[in-house]
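Have a look at the structure first, then read on.

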Amino acid sequence: MQENNYQNLKIQRKTKQSESNKSVAKVYLITTEKQIEKFSLKSVLMEKLKLAVKEKSSTIIPLFGNQQHFLMLLGIVADEEGYRNAGALLYQTLAKEKVNIADLKGLKTLDDAQRFAFLEGMLLASYQFDQHKKQENKHLVNILISETAIAEDRLQELISLAAVTAFAKTLVNQPLNQLNAVEFGEVIAEAGKKYGFKTEILHKKQIEALKMGGLLAVNKGSLTPPTFNILIYKPKNAVNTNPLVLVGKGVMYDTGGYSLKTGGSMTGMKCDMGGGAAVLGTIAAIAANKLPYHVVGLIPATDNKISADALVVDDIITMMDGTTVEVQNTDAEGRLILADALVYAKKYNPELVIDLATLTGASAAITGPYGIAMAGNTQQQMDELKEAGENTYERLMQLPFWKEFENLIKSDIADLKNIGGAVGGASTAGKFLEHFTDYDWIHLDIAGAAFIKEAKGYKQIGATAVGVRLLYNFIQKRCQIKD
Ligand code: BES
Ligand code: ZN
Ligand code: ZN
């Protein structure tokens, strides 16, 4: 897979030369009605701005009748998501007007968090998955900001976070014929070298030796062997003693297997490794920014396909820890491969394990594209994660996780069955995973938010890389608490 981050925006510091360069567009950011008076505007434009002030909405107007100069009113009250979307609006306007270089003035009137969010929104909005299209209409927008607008380390953090987010989106957007489980392993190993973390890519023989019965069962229908990908970021100055382990579902494509997805529900199932991509993106981001936190990533990867020898309904398989599972639906494959990864996680004696998975349609039906469903056994850490969710707008809602759901996945002839039944599909999937944990653990079902059908604000159609900004923020806060 070709390496390209698909970001069409560059943020640079301005120089004396750019200040006097006539071909540099100017963008004036204003936040109050008073500032409007400083610009001599036609009355229609003035009215437009005043209306936007009243409605607290953001708007952009051209200045001096010149398409290259813009006045942008930021009409958002104390909401970082509003600033992200305003950043997106500015990027989209500049791209549409084919502006090459724009000098951004007035950033300093925003507070730190607002400024960060605004620039973040611009960067995130500039992503485009266009590798497989003719490259004739590529347009790059360069944004110039002043030396004092934002501290250099914060700016570099923002740029690298947006770049790994774009990287994760691209991995999810690539279809199976561009990225299979073996190739995903190669991408992970390369990323380790680039960003500075260790990787170990286990292949089929090693997976067999480990008796990962879930991963091997799902892989039975595929010509491409599975991989089990281990990512280790262990900085010398880590503030935690036992690692945080992140587990990501890496189903490269989910046809459903013999419980075949029908009626169009297979479309988009290249997103089923979105959890794995988010784990890779998070570890790349913390390594790039050298956060002092010991984190391990585990990504079981395979596609879920059909062949003469594929897993069938009614099969009984044995997982890595000896648990037997009666397969009642081959489309509930994610929990089978994750179970082995959760068992494998025990060897790290983790302080906490978080799994991310596009696990159930039932979860997507609850959250829609707007958030993530969560369950787990450690309320305090779930609350911490919820806060990170609010900070990044990758919001979490907690699933009911009553013990009754456990009874729904008991099998008459094996230890567990892999589906619950008509009720609580997201909760029973979580309960299935819980069986394989003996440590503090949080489960995130990202089926609704990982891959979306409509572009909105800074989000494009397709992959969102949900989880990357969430977990980065969560880990960053934990570095500060333990400092
Ligand atoms: N990968 C799907 C879940 C999914 C649905 C992801 C929609 C993204 C968007 C998962 O493997 C699956 O097929 N789950 C089944 C479980 C069922 C058979 C218990 C589902 O949700 O229908
Ligand atoms: Zn499935
Ligand atoms: Zn799946």
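Which arrangement do the six donor atoms around the zinc ion (ligand 3) make? It's octahedral, because the angles they subtend run from 77 to 174 degrees. For six donors, that label needs opposite donors over 155 degrees apart and all others between 65 and 115. Donors here are N, O and S atoms within 2.8 Å of the metal (3.2 Å for Na, K and Ca), and water is not among the atoms, so sites may look incomplete.

Before going further, some housekeeping: this is a predicted model, where local features need pLDDT of at least 70 and side-chain atom pairs count only at pLDDT 80 or more, while totals for chains, interfaces and linings use all residues. Residues are numbered from 1 along each chain as its sequence is written, chains are lettered from A and ligands numbered from 1 in the order in which they are written, and side-chain values use heavy atoms, with hydrogens and water left out.

**The zinc pair**

Lys-249 (NZ), Asp-254 (OD), Asp-272 (OD) and Glu-333 (OE) coordinate the zinc ion (ligand 3) at 2.0 to 2.4 Å. Along the sequence, these donor residues are spaced K-x4-D-x17-D-x60-E. The zinc ion (ligand 2) lies 3.2 Å from the zinc ion (ligand 3), with Asp-254 coordinating both.

**Ligand 1**

Ligand 1 has 15 residues around it, the closest being Lys-261, Asp-272, Asp-331, Glu-333 and Gly-361; a residue counts if one of its heavy atoms lies within 4 Å. By class, this shell holds four nonpolar, four polar and seven charged residues.

| Residue (backbone atom) | Ligand 1 atom | Distance |
|---|---|---|
| Thr-358 | nitrogen | 3.3 Å |
| Leu-359 | nitrogen | 3.4 Å |
| Gly-361 | oxygen | 2.6 Å |

Taken alone, ligand 1 exposes 510 Å², and the protein buries 76% of that (Shrake-Rupley method, 1.4 Å probe).

Key. Polar contact = N/O pair within 3.5 Å; in protein donor to acceptor, adjacent residues only side chain to side chain. Nonpolar A, V, L, I, M, F, W, Y, C, P; charged D, E, K, R; others polar. Tetrahedral: all angles 85-135°; square planar, octahedral: opposite > 155°, others 65-115°.
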